[in-house]
Each structure stands twice: as C-alpha cells, then as structure tokens.
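The model is predicted.

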Amino acid sequence: KKLRPGSSKAAKASAPAAGLDSPLFRVEEKLARRRLVRPIHAPLVPWLSTTLGQDRFQGLQEAASLHQQLRFDPKGIDHDQRERFSRLVQDWLKNSS
C-alpha cells in the first residue's frame, strides 16, 4: 500500500529514526577520520567522554545533553534547541584540533 505524501504515516516513514540525524554524530565522524573508532556496542556520549578526556569533552556537555534528549526523550527537542545543538557542535568542531 502506498503512502500519500503529507499523511502522518508518510511523514513518519520518511523521518529518520529518533535522533539518528543528531549533530553529535559529526564529532564521532571527525574522530573516526583520526582512527578513533567507536565500538559498535559503545553508547556515543560515554564513549566521547572517555575518548576526548574530561577537559575536551567539557565543551560538549550541553550538546551531549541535547543529544540524549533528542534520542531518548519521546518529546525530543524543539526547533530552537535543535538550532542551538547544531551551533554547539559546529563551534566545537571548528575549535577542536
């Protein structure tokens, strides 16, 4: 059965699973390019904290919190929070060496 464009089922079918479009995954991608690859079983936020060390991870604390809310809170995050989240990650990536 085809889904009609604009229907709520069509929107759900085309939307990424909760939080799989999280900006925090860009940090993981950057680390992977440096050969720091997250094991498949490792949750993202604890792995980032361990891999980066507490000092470097400190700059991602708010982003990590928004990531957790996006991924696991049924309400997700609103538009303003998503914009802030993207800016936090973008700034961290720009300033990280």
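## Nonpolar core

The largest nonpolar core comprises 22 residues, and Leu24, Val27, Leu48, Leu60 and Phe85 have the most contacts inside it. Helices H2, H3, H4 and H5 each contribute at least two residues to this core. H3 provides the largest share, six residues. As a general background, nonpolar side chains tend to be buried together in soluble globular proteins.

Leu48 is one of the residues with the most contacts inside the core. When neighbours within four places in sequence are left aside, leucine 48 is in contact with Leu24, Val27, Leu31, Gly53 and Phe57.

## Salt bridges

Side chains of opposite charge can pair when their charged atoms come close. With a cut-off of 4 Å between a side-chain nitrogen of Lys or Arg and a carboxyl oxygen of Asp or Glu, the count is three salt bridges.

## Arginine 82 and aspartate 21

Arginine 82 pairs with aspartate 21 in a salt bridge, with 3.5 Å between the closest N and O atoms. This pair links distant parts of the chain, 61 residues apart: arginine 82 belongs to helix H5 (residues 79-95), while aspartate 21 is in the loop between helix H1 (8-14) and helix H2 (24-33).

Arginine 82 has a relative accessibility of 28% and therefore counts as partly exposed. Aspartate 21 has a relative accessible area of 39% and is partly exposed.

## Glutamate 28 and arginine 38

In the salt bridge between glutamate 28 and arginine 38, the closest N and O atoms are 2.8 Å apart.

Is glutamate 28 buried or exposed? Its relative accessible area is 17%, so glutamate 28 is buried, the cut-off being under 20%. Arginine 38, at 22% relative accessibility, counts as partly exposed.

## Arginine 84 and glutamate 62

A salt bridge also joins the side chains of arginine 84 and glutamate 62, at 2.8 Å from N to O. Here too the pair links distant parts of the chain, with arginine 84 in helix H5 and glutamate 62 in helix H4 (residues 61-72), 22 residues apart.

Arginine 84 is partly exposed, its relative accessible area being 36%. Glutamate 62 is partly exposed as well, at 37%.

Key. Residues are numbered from 1 along each chain as its sequence is written. This is a predicted model: local features need pLDDT of at least 70, side-chain atom pairs count only at pLDDT 80 or more; totals for chains, interfaces and linings use all residues. Side-chain values use heavy atoms; hydrogens and water are left out. Helices (H or I, at least four residues) and strands (E, at least two) are DSSP runs, numbered from the N terminus. Buried means under 20% relative accessible area, exposed over 50%, partly exposed in between (1.4 Å probe, protein chains only). A nonpolar core is a set of buried Ala, Val, Leu, Ile, Met, Phe, Trp, Tyr and Cys residues joined through side-chain atoms within 4.5 Å. Contact means heavy atoms within 4.5 Å.
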